[in-house]
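Hi,

Here is the structure I promised to pass on.

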Amino acid sequence: MTSDPLHTLTLGRRPAGRTLLTADWVLAWRNGTHHLVPRGEIVMEDGAVIFAGRTFPGEVARRIDFGTALISPGLVDLDALSDLDTYTLVHDNQPGWARGRIWPRSYVERGPYEMYSQQELAFQKRFAFGLLLLNGITTAAPVASLYYREWGETIAEFEAAADAAGDLGLRVFLSPAYRSGGMILEAPGKMVPVFDEEKGLQGLRDAVSFIKHQQGRHGGLVNGLLTPDRVETCTLELLKQTMAAASDLDCRARLHMAQGPLELETMQRLHGATGPQWMANHGLLSERLIAPHATYASRRDLELYAANGVSIAHSPLVSARMGSMLHSFAACRELGITIGMATDTAPPDMLMNLLMGLVACRISEKRSDAVLSADLFDAATVGGAKALGRTDIGRLSAGARADIAVFRLDDPHMTPSIDPITTLVLGGSGKVTQAVFVDGRLSMLDGKLAGFDMHDARKQAQIQFEGLMAKYPDRSWEHPPLQALFSPSYPLLAEGSDKNVEETAS
């Protein structure tokens with residue numbers, strides 16, 4: 001056996017026979033935790049890891065040396081954005097309710113409509129899945145905004161999503177999102193919930209049907225996950241039936257909860273309790289539940305999560321961008337809550353999220369030893385896997401699936417270090433991801449995917465984004481022109497200004 005150069009592997013294919021991967025560092029799983037192995041080796045065969053350690057004693061078909069790199073378990077994203085990130089439009093244009101983030105009553109009375117075509121929805125999923133692979137994410141639970149939908153998501157778009165995952169080689173946990181209610185803008189700053197329970201129940205039935213037909217497709221890459229929208233947009237009956245269905249299907253459910261002041265106000269008005277407390281009062285909290293983002297969770301809410309096995313999907317970058325943070329990663333861990341990581345934005349840079357999570361926790365706890373880089377890396381790997389009920393992903397050990405990310409450690413933008421995890425968390429980004437294997441298949445190499453050109457797709461995404469922006473006046477308060485909704489960061493230079501400068505200079 002001789003060393004094969006990396007380029008002999010074929011994108012989109014699982015290499016035949018035993019393949020040994022080595023690098024300056026390998027992150028292997030032993031005795032219940034990750035271990036760093038200098039010049040370690042990973043051997044995979046038929047989509048599974050058969051060895052993770054120092055020196056493989058058997059024969060292999062090929063040996064691939066990644067050099068100055070870390071061979072890591074693929075990252076797990078519990079809230080992976082699968083549409084175009086429109087929050088960027090209101091990031092510096094507030095308040096959001098005045099700029100299309102909440103349906104005004106006038107729009108609802110005319111009848112909400114789909115703002116994306118089926119082709120656009122299918123493209124979004126494929127483009128978003130490609131971005132995930134570029135950033136070392138091998139397992140994703142997609143999430144998208146329902147602001148731009150007629151009501152919920154559809155089976156057709158998720159059949160396309162399942163096929164995109166199979167074509168690109170991404171492990172997904174998904175089904176169409178549904179809701180029984182939504183927030184309506186009645187007057188400036190006045191938002192009220194409206195409900196149509198039957199729409200929510202039909203959405204649940206569609207999601208259950210989707211999971212039954214799709215579970216296990218594409219060699220096990222497609223997995224079911226029930227995704228009711230937000231706790232304040234769901235009726236009690238819908239959530240009762242959701243958790244019962246999750247038990248019947250033996251899958252997880254994800255429900256956004258304890259994530260903002262509007263939710264807290266709405267839940268107090270409707271139910272006289274926070275979302276977690278209302279769910280607990282009806283026996284709906286369990287280890288099957290994944291709850292993003294917990295940034296507005298009270299101590300009592302967190303204790304209920306801990307007592308009932310609820311997992312948190314932690315998105316520190318998105319939360320901080322909106323002025324909030326988890327209080328705190330360390331406190332939740334001390335309570336025994338399972339914490340998995342999520343990006344919930346584009347680009348889905350998980351390494352950037354790990355750094356933001358570390359910084360936010362240390363600020364919240366006001367001490368530099370409150371959390372370590374390894375704690376965040378655990379959350380992005382085994383924490384996310386545990387939240388999804390899996391022990392065969394998020395780790396590299398014999399018997400685990402061969403879901404692997406390779407991160408370069410010699411990128412000129414990164415500082416030298418003796419520890420690869422600290423180096424990646426403090427100075428890395430998704431751009432240092434060199435290769436990704438999912439179920440042993442080479443899904444990404446040097447920014448390239450199988451059968452999908454991300455450069456061309458980026459151009460198409462821009463066109464689609466601009467098309468959506470053009471519809472914003474229709475769904476914004478008092479329907480102002482587009483230029484009144486979104487202001488540029490700095491004033492635009494007026495035509496003829498250069499001539500005026502020349503005249504003044506002369």
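Below are my notes on salt bridges, a pocket and some backbone details.

Before you start: this is a predicted model, so local features need pLDDT of at least 70 and side-chain atom pairs count only at pLDDT 80 or more, while totals for chains, interfaces and linings use all residues. Residues are numbered from 1 along each chain as its sequence is written, and side-chain values use heavy atoms, with hydrogens and water left out.

Salt bridges

The structure has 27 salt bridges (a side-chain nitrogen of Lys or Arg within 4 Å of a carboxyl oxygen of Asp or Glu). One of them pairs Asp439 with Arg14, at 3.0 Å from N to O. The two partners are 425 residues apart: Asp439 is in the loop between strand E20 (433-438) and strand E21 (441-445), and Arg14 is in the segment before strand E1 (19-22). Helices (H or I, at least four residues) and strands (E, at least two) are DSSP runs, numbered from the N terminus.

Asp439 is buried, with a relative accessible area of 7%, whereas Arg14 is partly exposed at 41%. For those words, buried means under 20% relative accessible area, exposed over 50%, and partly exposed in between (1.4 Å probe, protein chains only). Both residues also belong to a network of salt bridges that links Arg14, Arg171, Arg401, Asp403 and Asp439.

Another salt bridge joins the side chains of Glu334 and Arg367, at 3.9 Å from N to O. Glu334 sits in helix H12 (residues 329-335) and Arg367 in the loop between helix H13 (350-365) and helix H14 (373-387), so this pair ties together parts that are 33 residues apart in sequence. Glu334 is exposed, at 61% relative accessible area, and Arg367 is partly exposed, at 33%.

Asp392 and Arg390 form a salt bridge too, at 2.8 Å from N to O. Arg390 counts as buried, at 19% relative accessibility.

The second largest pocket

This pocket holds about 330 Å³ of space. On a 1 Å grid over the protein atoms alone, a pocket is an open set of points where a 1.4 Å probe fits, with protein on both sides within 12 Å along at least five of seven lines; lining residues have an atom within 4 Å of a point. Grid points are joined across faces, edges and corners, and the volume is the space filled by probe spheres set on the points.

The pocket has 17 lining residues, and those closest to its centre are Leu84, Asp85, Phe127, Ala346 and Arg458. Helix H3 (118-134) and helix H16 (454-469) each supply at least two residues of the lining. By type, the lining divides into 11 nonpolar, 3 polar and 3 charged residues. Here Ala, Val, Leu, Ile, Met, Phe, Trp, Tyr, Cys and Pro count as nonpolar, Asp, Glu, Lys and Arg as charged, and the others, Gly among them, as polar.

Backbone details

Most residues other than glycine have a negative phi, and most peptide bonds are trans. Ala346, from the pocket lining, is joined to Pro347 by a cis peptide bond, with omega about 0 degrees. A cis peptide bond also joins Pro292 and His293, and His293 lies in the loop between strand E16 (289-292) and helix H10 (299-308).

Lys366 has a positive phi, near 60 degrees, and is in the loop between H13 and H14. Lys366 is exposed, at 73% relative accessible area. Asp439 has a positive phi as well, near 55 degrees.

Cheers
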